[in-house]
Amino acid sequence: MKRIPLAENLEFSQIIHGLWRLSEWNMSSEQLISFIEECIELGITTFDHADIYGGYTCEEIFGNALALKPELREKIQIVTKCGIKLKSSKFPDLKMNHYDTSKEHILMSVNNSLKNLQTDYIDLLLIHRPNPFMNPKEVADAFNQLQKEGKVRYFGVSNFLPSQFNMLQKHLDMPLVTNQIEVSPMQFEHFEKGTVDLLLEKGVAPMIWSPLAGGQIFTSQSEAAVRVRSMLEEIGAEIGANSIDEVMYAWLLVHPANMMPIVGSGKIERVKTAVEASKLSMTSEQWLRIYVAGMGHNLP
Amino acid sequence: MKRIPLAENLEFSQIIHGLWRLSEWNMSSEQLISFIEECIELGITTFDHADIYGGYTCEEIFGNALALKPELREKIQIVTKCGIKLKSSKFPDLKMNHYDTSKEHILMSVNNSLKNLQTDYIDLLLIHRPNPFMNPKEVADAFNQLQKEGKVRYFGVSNFLPSQFNMLQKHLDMPLVTNQIEVSPMQFEHFEKGTVDLLLEKGVAPMIWSPLAGGQIFTSQSEAAVRVRSMLEEIGAEIGANSIDEVMYAWLLVHPANMMPIVGSGKIERVKTAVEASKLSMTSEQWLRIYVAGMGHNLP
Amino acid sequence: MKRIPLAENLEFSQIIHGLWRLSEWNMSSEQLISFIEECIELGITTFDHADIYGGYTCEEIFGNALALKPELREKIQIVTKCGIKLKSSKFPDLKMNHYDTSKEHILMSVNNSLKNLQTDYIDLLLIHRPNPFMNPKEVADAFNQLQKEGKVRYFGVSNFLPSQFNMLQKHLDMPLVTNQIEVSPMQFEHFEKGTVDLLLEKGVAPMIWSPLAGGQIFTSQSEAAVRVRSMLEEIGAEIGANSIDEVMYAWLLVHPANMMPIVGSGKIERVKTAVEASKLSMTSEQWLRIYVAGMGHNLP
């Protein structure tokens, strides 16, 4: 498994495991710790969380498992996020799911995450969504305090467009080490809006969510999905892939931006698919044929 | 009234008075000078003009009033603009309203403004609109000359998108100290195109025109206007505002970009509405509920 | 003919001749060399190629002519491009026209261009199209090697949007000296997306392809074409142009970005039209009336 350096003392496995749906898997702590160990054996050492996953429950499930084998903590990198507030029993007075990037909320959210994850530190904290009401000075204050207290080692963002990334970065004392964005053969927003260009320009490796297009690629009968699926099958046959999942992972893994796809499955077989994909190679033409299938028109 | 620093020796009142419609108010010079004094008493010391307002008449009306009490000049900041040429008796040969950002036109326009305003200096001169035919070197030459001659103290732009702002700034010897843009719960262009991000990045406080959405919010039966109006009423009740005007002003005033809304009314009661709004507070969620109402869809 | 400096030791004629359709002109080498000499006499010393023009044939036709009078080489500047791969007898295995910006392809392409053009060096090499799969480090490696070997003097891009330009530039050891973009009264993409702003900001002069809107302006009955044609005729009468071609060239030549239109005709009379245009002047208002005709709505 290729390791991606994000900062002087931070390296991620190129394939990341995502715990978005952990609460739906009905794993016991013992089962989960076994699963985590299997991931580590496959070379996947980086685990992606957010405070809100599973309605504020996934971090805690993970933390309960980790407590069974605390010696694993040093072998893995934990990513989590803050900045979204969900209407929920946790925040009963809210009228709407919304964003909160105040210093107070960031600090509170990280404290909860540390408690839920049963760890002393988070390797990487991300602001979950760009917030048009964000005060970058408050974010900077919060980040400085969290780093000083040893609660968070590194900082990044998620779903940030270039102007948002540059704006926040300007106010921070430390570099943003990633931008977690959605990219797949069905989702080119960040190619089209310059985000991928900016990350290549700055040498910042993106984490990639929904690398399998949220699964629609397997089932949707939309014209776009049918077109992309057919091309993925065609390329899969050419490069010796066992499934179109592998092709989609490979398509991200070979891109020069050091994309780090997040695999969100609780089945180790599906995780292995992503690992298998890292052994595939793809020509420039094959990569672009998938891109063209996703666009729905030829290159100019 | 909060004061916003724009440069080392330039501070604006956060609420600015705009003279766009001065020619329609039928005020005598005596009435206008009383009105200006009332504004100053309310803490509003910054007055926004443009050469073209009122078909090239508003600056002169203001200047005639100011001549009655020249000692007020030092107590206020005068903003004016250049760069638009209107088909008019002033330019009888024009075929079309258009932009002129030539050195010659800028210098001529400022000389007219000084004469009309009956003052020796303009505190802040703005290029009124981005001009696809703008030669930034000519603008830089004009700005240098005007600053050296003491005719203009500081410079800025209006309605500039990020690429236009960066381009002009690169050619100037002095910083652009503001960008006067349209923002309201019905107008998010500058959130969506990165202008607000760039201004936050650079620490440049924007002046805001049409903060009340040009009044459509009060009368329009469009789906968007009805939706936003209803939310403004709801939030108004929550924060103790006396009117939806106050809510709209507060929505701008609490934003971290140091937005400076321009109040364009000749009725002191309506001006007081904006001043009242500066005493209101608003939570992150309330701010975003108005944003969501303006977008017409939930946050992602 | 105005000369445009692109770098310390590189100057182009503001009007450039483009050999895109050379293979269709059925010129003998003798006829072509005469044509080139006529261009030089008109002050046009810069010639624009691409590896792929004429299905990989145009460079060779030009090179065969140049071989008749090798002393012309020092009097002209040769631009060529790489990075597109066409389905063709040259690449029989391709499934699709696509982009290849690998180091290997760039080096191979330049070697072919040198051989076809029968020259030892290319003055300016452009990456033909932005490639979402581009590895900027590979491009940088290729450029460094080509410059060191003396095969290419300067480097640039074509059709790059701002984020793509900035991204590649960041990885290069030398400045990109141009961006060849499509601009005409029917094509404002690069005004609207900030490319022209970025080039003005950086002082990079653009080469302009399709300056006559691909000819549609002369024949199309679309509403836009009729509207623009009518305005070009009106302005032509005002400025003393002999044809709307001249007006279109003049519209580019007077823009402050130092635009360098590429004339793609094999008829010297049509080339002279562009040269004539460089003697015309145009007011700010006239320039913007054409812009407004192209937009289809008034300036804000």
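Colleague: Which residues does F62(A) touch, not counting residues up to four places away in sequence?
Modeller: This is a predicted model, and F62(A) is listed among the residues with the most contacts inside the largest nonpolar core. Once residues up to four places away in sequence are set aside, the partners of F62(A) are L19(A), L22(A), L32(A), I36(A), F47(A), H49(A), I76(A), I78(A) and L117(A).

Colleague: By what turn can chain C be laid on chain A?
Modeller: The superposition has an RMSD of 0.0 Å, with a shift of 0.0 Å along the axis and a turn of 120°. The two copies are thus related as by a three-fold rotation axis, and the turn asked for is 120°.

Colleague: How many strands make up the closed barrel of chain C?
Modeller: The barrel runs β3-β4-β5-β8-β9-β10-β11-β12 with parallel pairing, and its neighbouring strands are turned against each other by 30° on average, direction ignored. Within it, β9 (residues 152-158) and β10 (residues 176-182) are joined by three bridges, and S158(C) stands opposite Q180(C) in β10(C). The number of strands in the closed barrel is eight.

Colleague: At about what angle does helix α5 of chain C run to β9(C)?
Modeller: Helix α5, residues 136-148 of chain C, lies across both β8 (122-127) and β9 of that chain. Its angle to β9(C) is about 150°.

Colleague: Is K85(C) buried or exposed?
Modeller: K85(C) is found in strand β6 (residues 84-85) of chain C, and its side chain makes a polar contact of 2.9 Å with the side chain of D100(C). Beyond its neighbours within four places in sequence, K85(C) is in contact with residues including Y56(C), F91(C) and H105(C). Because its relative accessibility of 15% falls under the 20% cut-off, K85(C) counts as buried.

Colleague: How far apart in space are V196(C) and P162(C), C-alpha to C-alpha?
Modeller: V196(C) is placed in helix α8 (residues 195-202) of chain C and, at 4% relative accessibility, counts as buried. Among the residues that V196(C) touches are I181(C), F191(C) and M259(C). P162(C) is 34 residues away from V196(C) in sequence, while the C-alpha to C-alpha distance between them is 8.8 Å.

Methods. Residues are numbered from 1 along each chain as its sequence is written. Chains are lettered from A and ligands numbered from 1 in the order in which they are written. This is a predicted model: local features need pLDDT of at least 70, side-chain atom pairs count only at pLDDT 80 or more; totals for chains, interfaces and linings use all residues. Side-chain values use heavy atoms; hydrogens and water are left out. Helices (H or I, at least four residues) and strands (E, at least two) are DSSP runs, numbered from the N terminus. Buried means under 20% relative accessible area, exposed over 50%, partly exposed in between (1.4 Å probe, protein chains only). Contact means heavy atoms within 4.5 Å. A nonpolar core is a set of buried Ala, Val, Leu, Ile, Met, Phe, Trp, Tyr and Cys residues joined through side-chain atoms within 4.5 Å. A polar contact is a pair of N or O atoms within 3.5 Å; within protein, one must be able to donate a hydrogen and the other to accept it, and residues adjacent in sequence count only if both atoms are side-chain atoms. Copies are superposed by least squares on the C-alpha atoms of residues with pLDDT of at least 70 in both. Two strands pair if DSSP finds at least two bridges between them. Axes are lines fitted to C-alpha atoms, for helices over the stretch in contact, and angles run from 0 to 180 degrees between N-to-C directions.
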